[in-house]
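Please keep the sequence and the model in view while working through the numbered points.

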Amino acid sequence: MTTSSNPRSRREPRRRTAPGIDAATLDRAALHYLQRYAASSAQLRRVLRRRVLRAARIEEVDTATAHTEIDRLIERYLAAGLLDDRRYAEAQAGSLSRRGASRLRIRQRLTAKGVEADLVEGALEAVAEETGSGDLAAACILARRKRLGPYRKTGDRAARRQKDLASMARAGFSLAIARRVLSAPDPAAVERLLRGEED
């Protein structure tokens with residue numbers, strides 16, 4: 001049996017090349033990320049540190065120097081206004097609130113993104129002032145979005161009440177608010193609650 005002398009038939013698999021980690025590479029990676037996603041400074045720092053970690057698995061990387069460079073880059077972006085944790089927190093809080101997130105869920109989400117506690121509370125206050133609404137309005141929005149309680153077909157409503165209450169609880173709403181929204185007789189009554197018009 002003869003073996004082929006064609007070098008292509010015995011070609012070794014291509015080896016991955018490690019992405020170089022230097023200030024310019026980190027800067028490009030950071031700008032690319034910020035073009036695609038809104039981010040807090042802590043979130044961007046985590047993204048860049050993960051990139052350094054991936055590179056360190058392939059080639060020798062001075063991680064301490066890379067982390068120092070990341071910290072410098074973050075400081076520079078904050079000074080230039082490319083990163084603004086207060087603006088980020090307020091934008092995220094507003095967006096989540098409009099989608100029916102409770103204050104608890106917004107607080108958890110922003111904390112997970114690395115936003116400092118005082119900025120989280122400031123963002124929650126800013127949203128409350130801007131919209132004039134709190135958890136009751138957010139619960140009304142969630143009920144509409146998820147088709148809970150008054151938004152269900154009449155026959156399904158009583159049978160699914162416990163599931164609807166559980167959905168509201170998982171979303172971070174108190175039992176009192178969940179019951180108030182789910183007890184509304186119809187969608188029109190929920191819309192009145194959302195506008196702050198008491199029945």
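**Notes on the helix packing**

1. Helices H2 and H3 cross in a right-handed sense. The model under review is a predicted one. Helix H2 covers residues 41-58 and helix H3 covers residues 63-80; their axes come within 10 Å and cross at roughly 155°. Since angles over 145 degrees count as roughly antiparallel, H2 and H3 are therefore roughly antiparallel to each other.

2. Which residues of H2 and H3 make this contact? On the H2 side they are Ser41, Leu44, Arg45, Leu48, Arg49, Val52 and Ala56. On the H3 side they are Thr63, Ala66, His67, Ile70, Asp71, Leu73, Ile74, Tyr77 and Leu78. Sorted by class, the contact of H2 with H3 has 10 nonpolar, 3 polar and 3 charged residues.

3. Helix H3 also packs with helix H1, which spans residues 23-36. The angle between H1 and H3 is about 50°, and their axes are 10 Å apart. H1 and H3 are therefore oblique to each other, and their crossing is right-handed. From H1, the residues Ala23, Leu26, Asp27, Ala30, Leu31 and Leu34 take part; from H3, they meet Ala66, Glu69, Ile70, Leu73, Arg76 and Tyr77. This contact of H1 with H3 comprises 9 nonpolar, no polar and 3 charged residues.

4. The overall composition of the chain may now be stated. The protein chain has 11 helices and 0 strands, and its elements, read from the N terminus, run α-α-α-α-α-α-α-α-α-α-α. The chain contains 199 residues, of which 35% are buried. Of the contacts between residues at least 6 apart in sequence, 65% join residues at least 24 apart.

5. A further helix pair deserves attention. Helix H7 (residues 135-146) packs with helix H10 (residues 175-182) at an angle of about 50°, and the two axes are 10 Å apart. H7 and H10 are therefore oblique to each other, and the crossing is right-handed. In H7 the residues involved are Asp135, Leu136, Ala139, Cys140 and Ala143, while in H10 they are Ile177, Arg180 and Val181. The contact of H7 with H10 has 6 nonpolar, no polar and 2 charged residues.

6. Leaving out residues up to four places away in sequence, Val181 touches Leu136, Ala139, Cys140, Ala143, Pro150, Met168, Val190 and Leu193. Among these partners, Leu136, Ala139, Cys140 and Ala143 are residues with which H7 meets H10. Val181 and Leu194 lie 13 residues apart in sequence, and their C-alpha atoms are 9.4 Å apart.

7. Leu165 belongs to helix H9 (residues 161-170). Leu165 and Ala178 are 13 residues apart along the chain, and their C-alpha atoms are separated by 6.2 Å.

8. How many aromatic pairs does the structure hold? There is 1 aromatic pair. Tyr33 and Tyr37 form this pair, with 4.9 Å from centre to centre and 45° between the planes, and the arrangement is tilted. Tyr33 counts as buried because its relative accessibility is 16%, whereas Tyr37, with a relative accessible area of 39%, is partly exposed.

9. The final point concerns the backbone. Most residues other than glycine have a negative phi. Arg147 is not a glycine, yet it has a positive phi of about 60°. Arg147 is located in the loop between H7 and helix H8 (154-157).

Definitions and conventions: Residues numbered from 1 in each chain as written. Predicted model: local features only at pLDDT ≥ 70, side-chain atom pairs only at ≥ 80, totals over all residues. Heavy atoms only, no water. Phe/Tyr/Trp six-rings, centres within 6.5 Å; stacked < 30°, edge-to-face > 60°. Buried < 20%, exposed > 50% of the residue type's maximum accessible area, 1.4 Å probe, protein only. Axes fitted to C-alpha atoms, helices over the stretch in contact; angles between N-to-C directions. Helix = DSSP H or I, 4+ residues; strand = E, 2+ residues; numbered from the N terminus. Parallel < 35°, antiparallel > 145°, perpendicular 65-115°, else oblique. Left-handed = near helix turned anticlockwise from the far one by under 90°. Contact = heavy atoms within 4.5 Å. Nonpolar A, V, L, I, M, F, W, Y, C, P; charged D, E, K, R; others polar.
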